[in-house]
Every structure is written in C-alpha cells, then in structure tokens.
Amino acid sequence: MAPIAPTVTSPPSNLRRVIDDGYTVSQRYEANRPAHPELALTSVPLEGGGRILFDRRYKQVGARELHADLFLPAPAKAHGQAIVLVHGGGWMSGDKSNFYTIAARLAARGYVVALPEFRLSPEAAYPAGLIDVNDAIAWLRGEAETLGIDPRRIAIGGESSGGQMAALIAYTGGSRRFAGGSSPAPRVNALIDLDGVLDFTDPLALRYENAAGAGSAAAQWLGGSYEAIPERWREASAARHVGAQSPPTLVISGGEPRFTAGRDAVMAALSGHGIAARHVAFPGLPHTFWLFDPYAAQVVDAIDAFLTRDVLSPPPDKDRP
C-alpha cells in the first residue's frame, strides 16, 4: 500500500516570516529604563483580580528575544501551581496565542500559566525549541516568588507538536539532555499531552510522520528522515525516556490515534513505576478540537481534575520534590 501523505506540510515561502527583534516592548523597556526609572511593564487585569502579563522576555539568543505571556490568578484563588503550555503547529508554525482561552480559564481556577515563544524549525532545528522551553521553565522558577509560584510545582503541557515537545521535556527533566545552561534541565511535577506523539518510532507514527521522508514536518525539525537519522528519531521519542522519576501524566486524545502514537506503552511504563497515568478521550473529534468551544472548557475541566487529584493532593508517598 502506498504511504499516506502527512496532513502537516511545509508552509509556502511567502507565509514564512523573518524574526526581527529590533522593536519589542522588552527591548524598548531595557533601552529606556536607565533614563526613566518610573517605567513599568504593563499588565491587563482579569475579572476577579487576575492579570495577564504579555511578552515578558525570558531569554535572548544574540539579537533574538524570546518572550512568554503569563496568566496570573486572583491572589485569593492562587495555590502555587504553575503550568507551562507549549503551542503546536508541526514544529514550524503556530503561536503562543493558541492557548489564550485555556490559559485564562486555568488562571481563573488558581493556576499561574506561562505561554512561551520558542524557536521553530524554519529558524532553528531540533533541539533548539526544546532548550528554549527548558530555559523558560528555569526562568519561571527564578520568578517564582514574584509570581506566587511554588518552584517545585511547575507542570508542562502542550498541544499537537507542542505536546510531543512537552512530553520529551517532562521525561528528560533532571538530565543534561536539552539543557540550555550548565545545570541539568529542570524537572516538572506533571505532564499534560494534548494529542502529541509519544513515540516517533511507533509504526503508526512512522506511517504518517515519516511518509514524506525528508519533506515531512517532523523530518524538517529533526534534520532528516527516519531512515537517514534513526537515532535522532529515537532520542526525540518521549517513550524512550520514561523512568521512575517521570511525572504524573495526563494524555488527552481526539479521534485520530496517530497523534498519540506510543500512548499505550507510555501508560504501561508509568503505571509500572507507580506513577499516575491518565487518559481522557474525545472520540470522533478532529485534531485541535481543544481550540474551540464547547471542548476547550471540557479540556480545562480534565486538566484541573487531573492536577487536583494527582498533583496538588497526591498520596503522601507519591508527592515529588
């Protein structure tokens, strides 16, 4: 049978954009603050006392700035748990604004939510984006007191390709793999994977993610087809890194099994280590269903229920530093 072409393809050249960081809020702030110490970065108030902080710079690579948007809960509802959400887009497109609706609704339930920008494959190939997100987590830890976060309670989640990245980051935390500085990559205390591939080497994943060879979205990010660089495809498979220190995991899937390829093996491995592993299915729904109501609200319910049960109030012997 002829291979099935992937549904995510490279965007036309006229849709790709060159990043120019010569004029950003953070760049202007840093340039003018010495002469004008009265300047302060703005925030947008949310109903009930929460706030949104847009475009906070968490990292700079040469002249390139990377920013995060932060959704903060009302102080009366805050419980110290933060969530970093990684947007999807086939590793080559998408934007942190994809998660605005879910982030605002999670903040209303007491979570601090960080939405990082990161370098996509047309700008920098694997593993640059993974290093960026780990650096965003490290930055968030450094801002924990200011933001009202318990630095031990930072979860990571993602949608589609962002779910794949989130899972890989979650299961390699504490190692030097994908660490941006001299310290090991930070550990997270939970993972939420929204329709993100968990094992690139699973036959179902290869059927789609490698169908176009070097032209597939995954291959463009990883630097080649599975046949050309199988070790890198294995390294980028979250399932290969599950261990006793892996965090509690929630997988949320739609109606297309290909997008969570490797899920059963990961769930079994986590359960074997006594780690909470939950799956919430939305059968019959298309990929990216979480971007739209009524499903966005249901996804928020699932995330909140998982974190409340398995992370914020786990049995004493399951609590993780």
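The model is predicted: local features need pLDDT of at least 70, side-chain atom pairs count only at pLDDT 80 or more, and totals for chains, interfaces and linings use all residues. Residues are numbered from 1 along each chain as its sequence is written, and side-chain values use heavy atoms, with hydrogens and water left out.

**Overall fold**

- The protein chain holds 10 helices and 9 strands, where helices (H or I, at least four residues) and strands (E, at least two) are DSSP runs numbered from the N terminus.
- The radius of gyration is 19 Å, close to the 20 Å of the globule rule for 321 residues, so the chain is as compact as a globular protein of that length. This radius is taken over C-alpha atoms, and the rule is 2.2 Å times the number of residues to the power 0.38.
- The C-alpha trace spans about 65 × 50 × 40 Å along its principal axes.
- Of the contacts with a separation of 6 or more, 72% are between residues 24 or more positions apart; contact means heavy atoms within 4.5 Å.

**Surface and charge**

- Of the 321 residues, 51% count as buried (buried is under 20% relative accessible area, exposed over 50%, partly exposed in between; 1.4 Å probe, protein chains only).
- The chain exposes about 14,000 Å², of which carbon and sulfur atoms supply 53%. Areas come from the Shrake-Rupley method with a 1.4 Å probe, and for residues only the protein chains shown count as cover.
- There are 30 positive and 33 negative side chains, and the centres of the two sets lie 3 Å apart. Lys and Arg count as positive and Asp and Glu as negative, without His and the chain ends; the charge is placed at NZ of Lys, CZ of Arg, CG of Asp or CD of Glu.

**Nonpolar cores**

- A nonpolar core is a set of buried Ala, Val, Leu, Ile, Met, Phe, Trp, Tyr and Cys residues joined through side-chain atoms within 4.5 Å.
- The largest core has 56 residues, and Val133, Leu140, Ile156 and Phe200 have the most contacts inside it. Helix 5 (residues 161–172) gives the largest share of this core, 7 residues.
- Apart from this core lies another of 30 residues, among them Val113, Leu115, Leu194 and Leu285.
- Beyond residues up to four places away in sequence, Leu140 touches Leu70, Ala82, Val84, Ala114, Leu147, Ile149 and Ile154.

- Glu209 sits in helix 6 (residues 203–209) and counts as buried at 9% relative accessibility. With residues up to four places away set aside, its contacts include Trp91, Phe200, Trp233 and Arg258.
- Glu256 is in the loop between strand 8 (249–253) and helix 9 (263–272) and is partly exposed at 32% relative accessibility.
- Glu256 and Asp195 are 61 residues apart in sequence and 8.6 Å apart, C-alpha to C-alpha.

**Backbone geometry**

- Most residues other than glycine have a negative phi, and most peptide bonds are trans.
- A cis peptide bond joins Tyr126 and Pro127, with omega about 5°; Pro127 lies in the loop between strand 5 (112–116) and helix 3 (128–142).
- Another cis peptide bond joins Asp293 and Pro294, with omega about 10°; Pro294 lies in the loop between strand 9 (277–281) and helix 10 (295–312).
- Ser160 has a positive phi, near 60°, in the loop between strand 6 (154–159) and helix 5, and is buried at 15%.
- Thr288 has a positive phi, near 70°, in the loop between strand 9 and helix 10, and is partly exposed at 26%.
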